[in-house]
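Colleague: I'd like to learn how to read aromatic contacts and surface charge in a model. Could you walk me through it?

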Amino acid sequence: MTLTLSFLLLLGLCRNTISEGPPSSPRSPAGLEFELPSMNYETKDSYAPGPIGVLFQMVHVFLHVVQPNAFPEDILRKIIQKKFDLSADYEKPESVVLTLKVVHYEIGIIICAALGLLFVILMPVAGVCFGLCRCCNKCGGEMHQRQKRNGAFLRKCYAVSLLVTCVFVSIGTIYGFLANDHLRTQLLQTRQLADSNLRDLRTLLNETPSQISYVLDQYTTAKEKAFSDLDNIKSLLGGGIHEQLRPKVIPVLDDIKAMAAAIKETRDALLHVNKTLGELKNSTARLSTSLHDVKTNLEQSLSDPTCSAQPEMATCSDVRRSLSQLDDNTNLGQLPSLDKQIDNITNVLQTDLSSLVQEGYKSFNDIPERVQNQTVDMVSDIKSTLNSIGSLIENVKVRISIWDKLTGFSDHIDHIETYIHHRLPTLEEYNAYRWLGGLVACCVLTLIVIFYYLGLLCGWCGYDRNATPTRRGCVSNTGGIFLMVGVGITFLFCWILMIIVVLSFVVGGNVEKLVCEPYQNKRLFQILDTPYLINEKWKYYLSGMVLNKPDVNLTFEQVYSDCQDNKGIYTTLKLGNIHNISEYLNAQDFIKNISGNFENTEVHIDNIVLLGAAGKKNLQDFGSSGVDRIDYGAYLAETAKTPTKVHLLTFADGLEEKANKLPQGSLKRSLASNAQKIRMIYHGQVMPLGSSMTTLHQSVQDLQHKSSGLGAKVHDIISSLDSAQNFIANSISSVIVQESKTYGNMIIGYFQHYLQWVKVSIMEEIAACKPVATALDSAVNVFLCGYIIDPMNLFWFGIGKATIFLLPALIFAVKLAKYYRRMDSEDVYEDVETIPMKNMQKGNISFHRHQTTQNL
């Protein structure tokens, strides 16, 4: 009871610090794990007798055959109700019926015990009668052996039967030796077993306060975790609000930032196109001039008289017709200038949109900092509350010493230890005497068997089939004497052995059937759990004794099973019936206190401007800059053309080929010279011009792509900006409330998890009573049943078996001794049909008693 009260001290501590049981948390908060240190015990929770256990099981089977009746629960209940006094009111019918039930249950043991007692009584009487009878030359005492036709067969049968019987006696004797030594060895381990269990119980007592202190100290761990999160309110609460707004705000700011970069890129692209276009116009003019000069020179050359003659006239005509192709193919001068659009973009860039966007980013990213600055007082109040709770726990631990509550139970263990150590020497002394007595009993059986074995050995080895009974050898005669000595010792001691067997059988058999077996299958606990059995006023004795509430269903079987499962004493003893842990672990006030701190703290996050009016106007000006209205088709059409109408290299090759058809002269030289000039124009002007036109074409395409749908893009960005700004203005308060609630629940969750862990620890782990169940198992299952009863039962089983088989061994030995000992007289036959004998006379059958002298 003292241990129970001391354990409940933790509940008192919890009640002084917190006030509704926390809901069960399916998982631990991140970074907060509690685990109660486990206890290590010395005593094993199981007992194995080793190889000899097979023999113990054999004895259990024999006892089941002798005593097959079920465990007498009703009989034991009535006996306990009578306080084990069966003599009271013996004449009443219910007492007679109870006695008859006891006799019926014990009938197997009673019959075996009666047979044993009959053996004890009859064997000495039979021994005395047998001795007197032999002294009168009866019962085989006459040293004369009558000759029989089946004498050899009988001798062999007696010898084999005696040998088999002796083997059974030897086996029983070996069982006795093993059981006797096992019992002595196991009892010598009693001190170690007791010390081990007492140390485990002390460990339970010593570690229980440590466990309670550890549970209370873990409040500091939960508090430090809460403090850490309170110090990180900027990233946890402010960051949470920031993350809730981020999906609405950041994409808009990113789009505006990208648009600011697009404005600069557009201006650069316009400048590049405009510059390239001017250069191309100049290059085209130079190309046109060069081609015109070549064309004029060719026309002058074709006026040469050589062209008047045939066949040169046809060649000159071909050249003259091809001169129309020798001209530029572009009309870049008609393309409009981009100066107006460039001026518009330049005006747009006078407002630094990128800086305005960065200000929007900064205003939005300052939310966590503003949250931290506005919650300084709240964090301080919560920390102060948590510190005050921690100080209260520390003061309670100092003010109340748990050891004072455990002193009584510890003193009780010390008293038990003193008693055991005081009684153990006596037990060990009695064990030595018992071991010596058992050894003597086994040695007596061994001596008897040895005499029988020696008698068989000498008789078998020294027997001469041709020797007459009066002339048997010394070895054979010695074998017969050994057999008779064994018979004499058997008569002297077998009844004493049977007394030992009967006493140990009655005690060991009943303890095994009434204590050991029902203890293992828990039927014994069911007897003790019978309502109103031990105390007529209490329905359940254990709950009345521990809880002072006898109607609570607290049973010995349930307590023992829970302790075997290493459950805590709170669950095992159902202490919730007098101390409801949920009431002690009521954290409602604590939760309201912290929740109130969060609710009373107002976080104002206003004046968040993502982009001001100047930025919006800048976007609108860019949308109306006219970049998207440029005639990109005309630009692309012109830049896609080739610089000349004909490929100049092909034209030059054709001109040179035609010049080669002409005769030598100035015309031929002029055509060849102009062909070379055309090639130079191609390489020097056409090729660079074509490359520049290709580059300009790509630039125009890029600019067209960037400016495509510019107005719609700007409109969408401004719409998204207005939507995000409205969301911040209208929804930020609800976001702050939601995130504050989440943050507060996280802080509260640490203590809910702590309280839930305290509850589970109290119910399942603190003061786990496995050492109590182990100590009970050690006392009953190990010490009583394993160390004493099992070896005792094996001892009487082996000795009893050997003693029973001594009876037929005695008979066979007496019968066989006649065939081994040297006789004083023998039968003499005078019939030739019999075995050869002395004094044979034909036709006449008679016998003479032949006297010999024989000294024993």
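**Reading rings and charges**

Modeller: Gladly, and keep in mind that this is a predicted model.

Colleague: How does burial look over the protein chain as a whole, and what is the fold built from?

Modeller: Of its 856 residues, 45% count as buried. The protein chain contains 28 helices and three strands.

Colleague: How many aromatic pairs does a search of the whole structure find?

Modeller: The search finds 16 of them. One is Y175 with F797, a stacked pair with 6.3 Å centre to centre and 25 degrees between the planes. Y175 belongs to helix α7 (residues 151-188) and F797 to helix α28 (residues 770-820), so this pair links distant parts of the chain, 622 residues apart. Both Y175 and F797 are buried.

Colleague: And where does F505 come in?

Modeller: F505 pairs edge-to-face with W796, at 4.8 Å centre to centre and 80 degrees between the planes. Because F505 sits in helix α16 (residues 474-520) and W796 in helix α28, the pair ties together parts 291 residues apart in sequence. W796 has 4% relative accessibility, so W796 is buried. One aromatic cluster is formed by F62, Y175, F505, W796 and F797.

Colleague: Now the surface: which residues form a negative patch?

Modeller: E33, E35, E764 and E765 form one. E35 is located in the loop between α2 (9-17) and α3 (53-66).

Colleague: Is E35 buried or exposed?

Modeller: Exposed, because its relative accessibility is 64% and the cut-off for exposed is over 50%.

Technical notes: Residues are numbered from 1 along each chain as its sequence is written. This is a predicted model: local features need pLDDT of at least 70, side-chain atom pairs count only at pLDDT 80 or more; totals for chains, interfaces and linings use all residues. Side-chain values use heavy atoms; hydrogens and water are left out. Patches are made of residues with over 30% relative accessible area and no salt bridge: like charges are joined within 9 Å, nonpolar side chains (Val, Leu, Ile, Met, Phe, Trp, Tyr) within 5 Å. Accessible areas come from the Shrake-Rupley method with a 1.4 Å probe; for residues, only the protein chains shown count as cover. A salt bridge is a side-chain nitrogen of Lys or Arg within 4 Å of a carboxyl oxygen of Asp or Glu. Lys and Arg count as positive and Asp and Glu as negative; His and the chain ends are not counted. The place of a charge is taken as NZ of Lys, CZ of Arg, CG of Asp or CD of Glu. Helices (H or I, at least four residues) and strands (E, at least two) are DSSP runs, numbered from the N terminus. Buried means under 20% relative accessible area, exposed over 50%, partly exposed in between (1.4 Å probe, protein chains only). Rings of Phe, Tyr and Trp (its six-membered ring) pair if their centres lie within 6.5 Å; planes under 30 degrees apart count as stacked, over 60 as edge-to-face and the rest as tilted.
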